Amino acid sequence: MKLGVLSAIYDGYSFEEMIDHASSVGYECVEVACWPSGKAERRYAGVSHIDVTDLSDEKAAYILDYVHSHGMEISAISYYPNPLDADASKAEAAIRHIYACIDASAKLGVNLVGTFIGRDQRKTVEENIELAVQVWDPILRYAKDKGVRIAIENCPMLFGPDQWPGGQNIFTSPVIWRRLFERLDYDNFGLNFDPSHFIWQQMDYVKAVWDFKDRIFHVHFKDIKLHPDKLRECGVMAYPLDYMTPKLPGLGDVDWGAFVSALTECGYEGASCVEIEDKAYEGSRERIEASIAVTYRYMRNFVI
């Protein structure tokens with residue numbers, strides 16, 4: 001298993017600055033955020049360290065040379081939009097950029113794209129599953145022909161009023177994973193597994209590792225702190241941020257020993273990238289870089 005970092009936390013850093021810092025800390029790989037240029041629609045979105053829409057052979061060679069010269073690898077090309085958005089223009093733009101990410105991943109020899117299935121918040125779960133099959137069948141077929149795997153993160157994208165109701169990613173639970181894996185029967189369709197989302201949804205992430213061990217293509221190390229006192233006041237129907245807080249790994253409620261133990265016991269040997277989304281460690285480059293470094297030191301207790 002390789003320990004890496006998702007580059008979205010390096011907002012405002014050039015590609016070279018991001019690689020320089022991540023490698024100096026000790027990370028072995030990086031999941032490169034590759035959003036379209038323009039204004040970010042939410043926190044940690046809109047960051048782009050590789051322009052996948054303008055990736056010549058020369059640029060690809062430069063990127064790979066720079067990464068390898070620092071003793072690192074690119075674990076995945078990442079872009080986390082809502083390709084099932086009720087706004088057709090937004091959905092079409094997201095899908096178009098997913099195809100660009102697939103092409104770039106193939107050209108770079110990474111052959112893995114991390115993304116979301118998406119969700120139309122106006123539709124039921126059943127309707128969204130049908131929509132996902134319609135939208136994703138051609139994407140997965142195209143990716144398969146390119147030799148690229150698609151790793152869907154299990155974040156519900158449900159935090160506050162902007163994502164209410166239902167969230168913006170239907171790929172939230174083992175029940176739904178099974179239904180989509182059955183309907184979209186592609187061997188290049190799998191998980192970018194983040195255990196933190198199981199905390200506030202109160203599900204068993206260790207069992208899920210074993211149940212879906214053959215579908216885990218990539219892993220995110222992020223933590224969430226559940227606040228039982230707040231949950232008792234507002235209940236599970238409240239906005240999730242009313243009773244939970246994203247934290248650095250080790251500062252929340254994920255049992256990292258149990259999670260990494262399950263991964264290693266079931267034979268997972270892919271990349272595990274820390275995803276840093278802790279507001280308590282933002283505000284300056286120094287603070288962000290300190291959080292990246294302290295997370296590396298903590299997770300090295302589990303990833304050898």
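Helices (H or I, at least four residues) and strands (E, at least two) are DSSP runs, numbered from the N terminus. I start from that because H227 sits between two such runs, in the loop between strand 8 (223-226) and helix 8 (228-234).

**Entry: the ground rules.** I am working on a predicted model, in which local features need pLDDT of at least 70, side-chain atom pairs count only at pLDDT 80 or more, and totals for chains, interfaces and linings use all residues. Residues are numbered from 1 along each chain as its sequence is written, and side-chain values use heavy atoms, with hydrogens and water left out.

**Entry: H227.** Is H227 buried or exposed? I found H227 buried, with a relative accessible area of 19%. Buried means under 20% relative accessible area, exposed over 50%, and partly exposed in between (1.4 Å probe, protein chains only). I then looked up what H227 touches, counting contact as heavy atoms within 4.5 Å. Leaving aside neighbours within four places in sequence, H227 is in contact with Y243, M244 and T245. The side chains of H227 and T245 are also joined by a polar contact of 2.8 Å. A polar contact is a pair of N or O atoms within 3.5 Å; within protein, one must be able to donate a hydrogen and the other to accept it, and residues adjacent in sequence count only if both atoms are side-chain atoms.

**Entry: helix 5.** Which residues of helix 5 (residues 174-183) are buried? I listed P174, I176, W177, L180 and F181. Seen down the axis of helix 5, these buried residues fall within an arc of 155°, so they line one face of the helix. The arc is that of the directions from the helix axis to the C-beta atoms. I noted the general rule beside this: an α-helix has 3.6 residues a turn, so residues three or four places apart point the same way. On the other side of helix 5, V175 and E182 are exposed. I also checked what covers the buried residues of helix 5, and the cover includes helix 4 (125-146), strand 6 (189-193), helix 6 (196-201) and helix 7 (205-211).

**Entry: salt bridges.** I took a salt bridge as a side-chain nitrogen of Lys or Arg within 4 Å of a carboxyl oxygen of Asp or Glu. How many does the structure hold? The structure holds 15 salt bridges.

- K107 pairs with D57, with the closest N and O atoms 3.3 Å apart. This pair links distant parts of the chain, K107 in helix 3 (residues 88-107) and D57 in helix 2 (residues 57-69), 50 residues apart. K107 is partly exposed at 39% relative accessible area, while D57 is exposed at 52%.
- E130 pairs with R183, with the closest N and O atoms 2.7 Å apart. E130 lies in helix 4 and R183 in helix 5, so the pair ties together parts 53 residues apart in sequence. Both are partly exposed, E130 at 43% relative accessibility and R183 at 40%.
- K247 pairs with D278, with the closest N and O atoms 3.3 Å apart. K247 lies in strand 9 (residues 244-247) and D278 in the loop between strand 10 (271-274) and helix 10 (285-299), so the pair ties together parts 31 residues apart in sequence. K247 is buried at 16% relative accessible area, and D278 is buried at 2%.

I also noted that salt bridges with shared partners join R178, K207 and D211 into one network.

**Entry: aromatic rings.** Rings of Phe, Tyr and Trp (its six-membered ring) pair if their centres lie within 6.5 Å; planes under 30 degrees apart count as stacked, over 60 as edge-to-face and the rest as tilted. The structure holds 23 aromatic pairs. One of them is Y10 with Y13, edge-to-face at 5.0 Å centre to centre and 80° between the planes. Y10 and Y13 are both buried. One aromatic cluster has among its members W177 and F181, which I had already listed as buried in helix 5.

A charge sits over a ring if NZ of Lys or CZ of Arg is within 6 Å of the ring centre and within 35 degrees of the ring normal. The charged end of R285 sits over the ring of Y13, 3.7 Å from its centre.

Entry: Most residues other than glycine have a negative phi, and most peptide bonds are trans. I found a cis peptide bond joining W164 and P165, with omega about 0°. M157 is not a glycine, yet has a positive phi of about 50°.
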